[in-house]
Amino acid sequence: MSEIERLMPVSYRRLLELQQLVEAYGKGDATVMNQIIGLQEQLSGDCERLDILVRKEPAHRRHNSKYRYDQLMHESRALNTALQKYRNQHSVHERQKTEREELLGKQFTANDNSDTILALDAALSFNDKVSHSNRGVDRMLDTGAQALKQLRDQRSTLGMIKNRMSGIANTLGLSTTVMKLVERRSAHDQYLFYIGCFVTVTIMFLLLYFVL
């Protein structure tokens, strides 16, 4: 058994375990964060090693190995996006909880009525802005997740089409020009995916920076 055949199933098992931990974190179990970080580091190392191994694969096996590697990378990025969404939600909830405790624990006097009203109005206004911002980020993340899913579906379809075309080309002896065009389309889709990720992250950062 080659190293890539041994490492690929191990990486997918780690990905499945990471998915379960991320779901647990999303339900409020913050104790799994250290396990999530450890698995992310292991999976990142696996992906770096697999990238090297895929490039060294023989030509007749490289396409299948590359396809499995790309699927692993897509699933890993989707999990990272979901984890970041949950972390943002937890951060907002913790901040709101702290602010409520500070307001409840504050001692007021009869002469503080006007200041108290102003402070409460400011706090309520800030909480409204935070909640609105959080909903906006959630919508953006959901949109990004849907876009990622569509890209994965399109890539899967292109992969199957490419496999069929490879079989037809081998049978009929067609030139490699058509295959190169398909490969260029796959590379173009991958570039679009990276650009989309960058734009989404940039918009999220700017939204959080200017609103909060």
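Start your tour by selecting Val199, which you will find in helix H5, residues 177-211. Keep in mind that you are looking at a predicted model. Val199 is partly exposed, with a relative accessible area of 40%.

**Step back to the whole chain**

Clear the selection and switch to a cartoon view. The protein chain has five helices and zero strands, so from the N terminus on you will read the order α-α-α-α-α. Of its 212 residues, 29% count as buried.

**Select helix H2**

Now pick residues 33-56, which make up helix H2. This helix has 24 residues and reaches 35 Å from its first C-alpha to its last, close to the expected 34 Å. Show the side chains of Met33, Ile36, Leu39, Leu43, Asp46, Cys47, Leu50, Leu53 and Val54, which are buried. Look at how they are spaced as you go along the helix. An α-helix has 3.6 residues a turn, so residues three or four places apart point the same way.

What do these buried residues pack against? Bring up helix H1 (3-26) and helix H3 (59-105), and you have the partners of the buried side of H2.

**Look into the core**

Keep H1, H2 and H3 on screen. The largest nonpolar core has 22 residues, and those with the most contacts inside it are Leu18, Ile36, Leu50 and Tyr69. Each of H1, H2 and H3 supplies at least two residues of this core. In soluble globular proteins, nonpolar side chains tend to be buried together.

Zoom in on Leu18. Leaving aside residues up to four places away in sequence, Leu18 touches Ile36, Leu39, Gln40, Leu43 and Leu79.

The structure holds six salt bridges. Begin with Asp46 and Arg14, whose side chains meet at 2.6 Å, N to O. Asp46 lies in helix H2 and Arg14 in helix H1, so this pair ties together parts that are 32 residues apart in sequence. Is Asp46 buried or exposed? Asp46 is buried, at 7% relative accessible area, while Arg14 counts as partly exposed at 24%.

Next, select Arg55 and Asp51. Their closest N and O atoms are 3.4 Å apart in a salt bridge. Both residues lie in helix H2, four residues apart, which is about one turn of the helix. Arg55 counts as exposed, with 61% relative accessibility, and Asp51 counts as partly exposed, with 24%.

Move on to helix H3, where Lys66 and Asp70 are likewise found four residues apart, about one turn of the helix. Their salt bridge has its closest N and O atoms 3.0 Å apart. Lys66 is partly exposed at 30% relative accessible area, whereas Asp70 is buried at 6%.

For your last stop, select Glu5, Glu57 and Arg61. These residues are linked in a network of salt bridges.

Notes: Residues are numbered from 1 along each chain as its sequence is written. This is a predicted model: local features need pLDDT of at least 70, side-chain atom pairs count only at pLDDT 80 or more; totals for chains, interfaces and linings use all residues. Side-chain values use heavy atoms; hydrogens and water are left out. Buried means under 20% relative accessible area, exposed over 50%, partly exposed in between (1.4 Å probe, protein chains only). The expected span of a helix is 1.5 Å times one less than its number of residues. Contact means heavy atoms within 4.5 Å. A nonpolar core is a set of buried Ala, Val, Leu, Ile, Met, Phe, Trp, Tyr and Cys residues joined through side-chain atoms within 4.5 Å. A salt bridge is a side-chain nitrogen of Lys or Arg within 4 Å of a carboxyl oxygen of Asp or Glu.
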